[in-house]
Structure formats: C-alpha cells, structure tokens
Amino acid sequence: MTSERVRSGRYFMMGNEACAEGALAAGCEFAAGYPITPATEIANRLAKRLPQVGGAFLQMEDEISSIAAVIGASWTGKKVMTVTSGPGISLMSENIGFAVGVETPCVIVNVQRGAPTTGMPTVGVQGDMVQAKHGSHGDYEIIALCPSSPQEMFDYTITAFNYAEKYRTPVFILSDAFVGHMREEVTIPEAKTIESVYRKIPSQGTDPQSIRGFLDEDIAPMPIFGRGFKAHVTSSCHDQAGKRNLIDLSSLDLFVRRLSNKILKHKEDITIVDGNYAKGDVVLVSYGPVARSASAAANEAREAGLPAGTLRIATVWPFPDHEIEKMARKAKHVIVLENNLGQMYPYIKAAAARFTGVSFLAPALIGQIHDPEEIVRKIKEVVQ
Amino acid sequence: MKEIVHPLRRFVRPSVVSSTNCPGCGNGIVTQSILRAIDELAMDIDDFVFVSGIGCAAWIPSPFFNADVLHSIHGRPLAYALGIKMGLPEKKVMVVSGDGDLVAIGGNHLIHNARRNVDMTVICVNNSIYGMTGGQAGPTTPAGVETTTTPYGSFENPFDISRLVIAAGATFVARWTTIHPREMTRSIKKAIRKKGFSFIEVHSQCPVQFGRKSGMNGSVEMMEDYRKRSVRVEKAAGFKEEQLKNRIVVGELVDIEKPEMVEEINRIRAKAMRRPS
C-alpha cells in the first residue's frame, strides 16, 4: 500500500472519517453510495480520497443501484464498499441476498440511526442488528462487526475487507450515529504492518470447463470477470460450476446449506470478543458504544466491591454462542445491555440461560447510551 | 458424414444443449442478431461481459453465451453493468433484458445510465407483456389488452421506451422488430462500436402470452403485424402524430456524440492524483 493510501500517524478524527481511511488502508478501489444521515461523511471522504489513489466513488440514483454497482465491480476483482444507514439497508436488502448467493466480497457499512422508518436520523440506535442477519429473504449467514470507537471504525473496516475477501461474502460494519460522529484519537499504523487479504482466484489459463467457482465450504476460487474464465454467475439455485439447476431439490439443499456452512464452519476464526470477567461475576454483555458504558459501570461496581465483569461481542454475526456459553458457565448472572428494546437479547439468552440467570436492561431512552450509574444499580439488584 | 455445426455455436456455452424459450418466441432471432453482430465485427465473445436481469429475455445471454455472464436480480442489471464497466473499462459490457426488467422495475437505472452516458450496449427485448409469470400487463402493454392482471382490458398508457431513453440522454438509440433481423444486426454492430450509452429496442413476439391475450394466432401472424405497423423513422418524420398511432417507428433514431462517463472519471482521477490533500 502506498503512503497516499495509508496516511500513517496519530489523528483526532471522526469515526466516519476513520472508516473511510480504513477502507483505503484495506485496499478499497471502488465505492458507491447515496447520501444519508448519519453516514454521509464516509461517502464524502471516499469521494475525495478514492480518486487520489486511482479508485473511484460513484454517487448513484439510490441505494439499490449503489450496492448493485459495488457487487458488479467486485466481480471484476476490485475491493469494494458501500455506506449507508438503516433506510438504505432496507433498500439494499434484495441485492445483499444476491451478493450472498453468488459469493461476492463486499463491505457494507450501516451507521445506524433512530428508527423504524425515517425515525430520528442524527441519533444513534442499535436498531438494525437483526436486520443485518435476516434482512434479505431466505436462510443465509452473514458477518457483522460492531465498532465501539473511531479507532475501531478504522481497524474493523480493515478486518471487514479481509473477512469479505477470505470468505467471499458481504460483511457488515454495524456502527451507529454515536460512533460515526464521535471524534477521538485514531492511530493509523504503518502500511507494512497492515494485513491485507485478497480473494482466491483460479490461476490464469485454467480451463473454464474445469472451474468449480461456487459452493465450497472452504471457499471456492472466484472466477472474476475479464480473465477468460467464462464465469456464469446466477443467483438462481446453481451447482459448484455456477450452472443453474431449478429442477433438482437436492441442489437447493446444497445451495442453502453450503452457503451457510461456509460461514459457520469458520466461526471461530471470524469471532472477535473482548472478555474481562472472572468466575462468580455479574457479566455485562454488550457491543458497540454501549460497551463503553458497560466498561465504566463494571469498574465502578468493582470499586464498590461488587463482582462485575464484561463481555463485549465485536463479531455479532455469526452469533458467537460458544463465547456466550463459556462466559455463562462462569457468571453469577448475565445482564444484556443494548441501545434498543432487546435485539440480541433473545440470542444471548438462548445461549446463556441454561447456565445462569439472564436479564435485559434497556436504556432509559431509546437513543441514549446507558448511564453507568443505572447499570451499577442493576448489578446491585441482581447481587442481592 | 461430418457433423454439421452452426457457425455461431462457438459463441454458445458448451454445456448448453437446449433452449428454455417457448416455440415461436422472438428471443432466438434476437440471440442470432447479437451473435452475428459480434461475428461480423470479428470480435471474440470474451471481449464482452454480459449482464441480464429477470424475465424471458434475460435468458438470452444466460447461460447461453460462452463468456462472463452475470445474471442479476429483477430490475437491476444496468446498475450491475455500471459497476462492471467501472472495473473493466476495456471490456464491452452488454445488457440484454426485457421491457419489464429494464423499464418497469428498473426504469430508474435506465434513465440514469442514459443520462450518465456510460459506455455500454443495452438490448431491450420488448414483448409488451410479462411472459415468464404468465401474461401480466406491463408499462409497454397497449391500452385495452386483456391480460391476467387487466382482465377487463388494460387502462394505462404504454411507454414509448426509445423516446424515454432519448430524452434521458442516450447517444445511440435504434428500434427494430423481429421482422428486421438484418437491420437489427447492423444497429447492434454500431451500438457495440459506439463509445457511449447505446440502446436497442426490439419489438419481439411472445405468441404464448401476448399473442393469446391480444387475439393473434401465433408468431407468424405477430411478425406480419410488425411488418404492417412498422414505419421507418425517415418516413415517419412526415407523419402527423395521429397517423403514428399504433405504428412502430423503426430505424436508428439517435446517433450523437457526448462525453462518456468512464472517460470523464479518468480525467477527474488524473486531476485528483495531481492534487492530493
């Protein structure tokens, strides 16, 4: 990566801008999007920065065409990204299913805002957590990462590109207006220290008839366009060669199961969690900016002599149920903290409730990060 | 005896042994016109990336053409094609899809890519109906036709697709019917060579759906009807608006020069690289 791509140094930077710089550092070559609050700063920065490094940003007529153009460009071998907020994800949903179905690496950034519908655009809410997993129709798996700070907007954007390339799949960054608009210190490391993954592709000159470019649980080489691979890419049910099969039900079973297993089989490699708990703790499970409150509350509780720990799930999808189970076996009690009415709570409860009690603490106001005092009160309540 | 192989078979994916088109469908004529154009230009099919959407016409390149083919979702092939053109500007990008795909659900992408003047060739097979789903009315269905979703007759005004695309800024627009295969081939050749957004509307018979709904007896009668109703654009210039009612104005309607978007982006990029900030 060139120095123009990776602007190493220490900055006081907005989360959204750090995300755009992360994309550049990861090797993003093409991005497309449509203006939307609170994600616009990412698009603005990409529009300025991508042409400087030989790439391009296109402002499209809507979010549907934004993701479509991004998927199209990915099939030419480019590293690609689109950025939006909840309403844009709703529009993109059908195409996200396409990207999953034909195994297209791409990064989708959702800077979540007050929702449902038009909602309250400048307020951060974690309202689209389950949409990321189930937004498009059908059974499928997705990867989603949840940053808690501008630094992680940079770091996780790079991780998202690497996962997208490695697993040939769309990867979500599930940020929100708090983290997107937050300004903090961001360190951009030296280019040579940044790991950059590129998808497997068939070797030049491979006989097109012999390419099995789809439906491998260990990720098939991608027969990208323009190399003479004569790829047939269809989101209709297809076999490993990409050939459509709309007759044989067993081909549908393979299509659904292999696409899902491709992610689930590698869950351990994809999972990023940050656990700081001991046996007998009341463990606060959270993600994104709420994890900052959780961490402050746990410190306060420990100072007050209460047994408190934290588990932050940075990889939200595939759901890290093993990590939740591991924690729940040790915990005295689990308190789930989310800036919503309990989107990940049922999943966490399903994994933890077999081993310990699980409660949910919603914020006082949807759109407000939890007050650590309020969390400490809840810890006291469950300890007694 | 030596096996007789169609001279265009080399452009067809070896694994493809049959067609999914209904008997009498116009898709075969359009397919031949496209492949003949490529052949007559002495181009390789690997010089192209084909993109299609959903509907009968979308199955023309997919899986038939032995090249890179992206068979996308309903309405969005032009947006996918734009991304592909951005990544592979040296390739010819051709979109083949139907009127429902490109003009109804995908109408927004059609006008915006025409406006942008992105270098691509779009073949819009206009059969005036939704064929694959069983004969529903579309934005090209003539008023009065009884379809499965307009059982008492269609009550909407149909689009003049070519005029729409011209108004949106396309640099090459031609319209033909399946009774004009040679003219169609000539126009496709021009469209491929054209640096810019080129659009070919082909009126194509769907005897199984539109034919039955409109009371016509099979593809021969439908193509005869095209012959009768077609009027060359040069001749149509002298017609009054009411004389053109129910007629199909055929020919090369527009052929102009405008800056092409991908080249413009290259120019902008050179400026950005000189001026980093």
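Two residues are in contact here if their C-beta atoms, placed from the backbone, lie within 7 Å. The model on screen is predicted.

**Chain B**

Of its contacts with a separation of 6 or more, 66% are between residues 24 or more positions apart. Switch to a cartoon view: chain B has eight strands and 10 helices.

Now show the C-alpha trace of chain B, which spans about 65 × 60 × 35 Å along its principal axes. The radius of gyration of chain B is 19 Å, and this agrees with the value near 19 Å for a compact globule, because the chain has 277 residues. Colour chain B by burial, and 52% of those 277 residues count as buried.

**Chain A, two domains**

Go to chain A and colour residues 9-193 as domain 1 and residues 272-383 as domain 2. Their C-alpha centres lie 27 Å apart. Where the two domains touch, domain 1 of chain A gives 23 residues to the contact and domain 2 of chain A gives 18.

**The domain 1 side of the contact**

Stay on chain A and select helix 5 (129-134), strand 6 (143-145), strand 7 (170-176) and helix 7 (177-181); each supplies at least two residues of the side of domain 1 that touches domain 2. Which element gives the largest share of this side? Helix 5 of chain A does, with four residues.

Finally, colour this side of domain 1 of chain A by residue class: 15 residues are nonpolar, five are polar and three are charged.

Note on methods. Residues numbered from 1 in each chain as written. Chains lettered and ligands numbered in written order. Predicted model: local features only at pLDDT ≥ 70, side-chain atom pairs only at ≥ 80, totals over all residues. Domains from an automatic or database assignment. Nonpolar A, V, L, I, M, F, W, Y, C, P; charged D, E, K, R; others polar. Rg over C-alpha atoms; globule rule 2.2 N^0.38 Å. Buried ≥ 20, exposed ≤ 12 C-beta atoms within 10 Å, placed from the backbone.
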